[in-house]
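This report concerns the packing of a single structure. Please keep the sequence and the model in view while reading.

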Amino acid sequence: MENQQKCKDYLILWEDKASSEIIVMRKLYILLGQELDALGVLAIGNNPESFAEMRLYSQSMAINYEHSFQLMPKNIFTKSLNFIQQLETNYWKSVVEKGTLQTSRLSDTNNVDGNIDCFVPKIKGVQGPHRLVCHSPEVKKCKISIEGSTNNLFLINPKISGNLNFFERFGYVTLGPVFCTYGLWILAQNSKAPYYGLMREGKFLSNVVSALGGTIGGQIYVSRLTSVKAVLADPNEEEALLNFLLRGRNEPISLISAAKVLGIDQIEKIPLPPQTHISSENISKILRWFEQKEVKEQRLTEAKKCQTNLMRHLTQVTGDNITDLHLLDMGYAGNILANLSKIFAFQKMKIECRGRFLLSSIGAFWAQSKGCEIRGSISQNGAPFDFSTLYFRTPELLELCCSAKSGTTTGYDDMGNPICEQTPFGAQQYQEIEQVQKGVLEFIRDWRKVQPSHDLGKLYHHSMAEVSRSRITRLIRDPTLEEAQRLGRWLYDDNLGVNNLRCLTENLRDSDSLVKSTRSELYWPQALEKLQKHA
């Protein structure tokens, strides 16, 4: 590290707080993460960049330095949080000792857009604001290419891909290497337990892993909606209710719709007009209503029934003696896993939930805090930051490419069989999705034929994930005209009880500025820009 080129970064230091541009603080935490990684204290699946995102997130909620560690999930480290805190304390002392400390004017401490405050250990001799010039090394980057396996992985036979239609070719050429990388990453973890596909996307990911020789135990149909309904059988559960009503939503739900989903029929004393959208302004009043005796009894009855039948469904698929549940899914925050963990705890069952996701977001912080083990193939806890920010702004396209011909799961019958909504899309869209998936699986089969190794997990290398990220980045940020035309017309559905289909390039924003649009206004702004440019 000493031989790396160094650059100047600036912090404003108080006795127990540091302020800087977020890009500087992120860099300093990544450098600390690299030191922790070298010491072997980051648990498998975590890396310096994901550690940095977790620390920035915990700092945003903390009231002091010690509290920022109390918030951190324990299972992302191989050592105790006290041990990690001591290492970070030593790191900050080193940053100050190696930097240049200057007396700062009070005007330097004024809030600046993009600046954040983080708690640091108390620094001896720093009483008022000081300006610290940090002489920090550049963050080491992952090299993309490695000898042999990466080149083989992304080698495409033009004769084969030329015989496919657009959707098959798109799956083969563009997404084939992405999902092959995911499958190899799964195999590289060398789990003795079988994997279970979770919901619609999990079914396709199971096919990917199976095509590479992985062991699939079955398909589990637990949606965000059913996991929330089931976990609410615990009368003391408040967090899941708040997530369902407000925090876990891209679009608001009406009070009457929420009540119906949760099994509440008697709404004579409803506190607001039934069609009122639930928001941060009225959530307190609505939560008080949900806690009223008659209302709570209704939703608890529905929740207990859902939980009982959900457990019957899990037993059908996994058997009675499972202790580790390895779930394949697109991933993100891991809310389903967090809810399942709560359900198992409520049932006094010792079952560990282990998510093996294509991507995990910073929201997975909470599931990990509940004891879930979450690993993401190409994004861990929202890192790398730039890629994750781009992807999580427009996740719908890749989700659709992994979708199965089924509506979301809304409940279970008394035998534990899942009850699913009708398929939300038309026959043509499902045919096109199936053709994309066919292309992906054809790529995997063709690639596997030329591999000399029978232990394919050994061919995985982290640089493959970087290539996958670059492919997805290109697709989202700069789609071809044909991709924008053919994929942009696909419809997308929400699976939290809001029936609101619209295509990926439908714009609900009044302004012409597509760049500033939100997900609720426009799913894929870059594709719409491409279409408008060639109109």
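## Basis of the model

The model is predicted: local features need pLDDT of at least 70, side-chain atom pairs count only at pLDDT 80 or more, and totals for chains, interfaces and linings use all residues. Residues are numbered from 1 along each chain as its sequence is written, and side-chain values use heavy atoms, with hydrogens and water left out.

## Nonpolar cores

A nonpolar core is a set of buried Ala, Val, Leu, Ile, Met, Phe, Trp, Tyr and Cys residues joined through side-chain atoms within 4.5 Å; buried means under 20% relative accessible area (1.4 Å probe, protein chains only). The largest such core has 60 residues, and L175, F179, Y391, I444 and W490 have the most contacts inside it. Helix α7 (residues 166-188) gives the most to this core, with 13 residues; helices are DSSP runs of H or I, at least four residues, and strands are runs of E, at least two, numbered from the N terminus.

Apart from this core lies another, of 53 residues, including V228, F244, I264 and C306.

## Helix α12

In helix α12 (residues 283-290), the buried residues are I283, I286, W289 and F290. They lie on the same side of α12 because they cover an arc of only 120° around the axis, taken from the directions from the helix axis to the C-beta atoms. Their cover includes α10 (239-247), α11 (255-261) and α13 (293-318).

## Serine 19

S19 lies in strand β2 (residues 17-21) and counts as buried, at 9% relative accessibility. Beyond its neighbours within four places in sequence, S19 is in contact (heavy atoms within 4.5 Å) with residues including Y10, W14, N115 and D117. S19 and N115 are 96 residues apart in sequence, yet 6.6 Å apart in space, C-alpha to C-alpha.

Methods:
Buried < 20%, exposed > 50% of the residue type's maximum accessible area, 1.4 Å probe, protein only.
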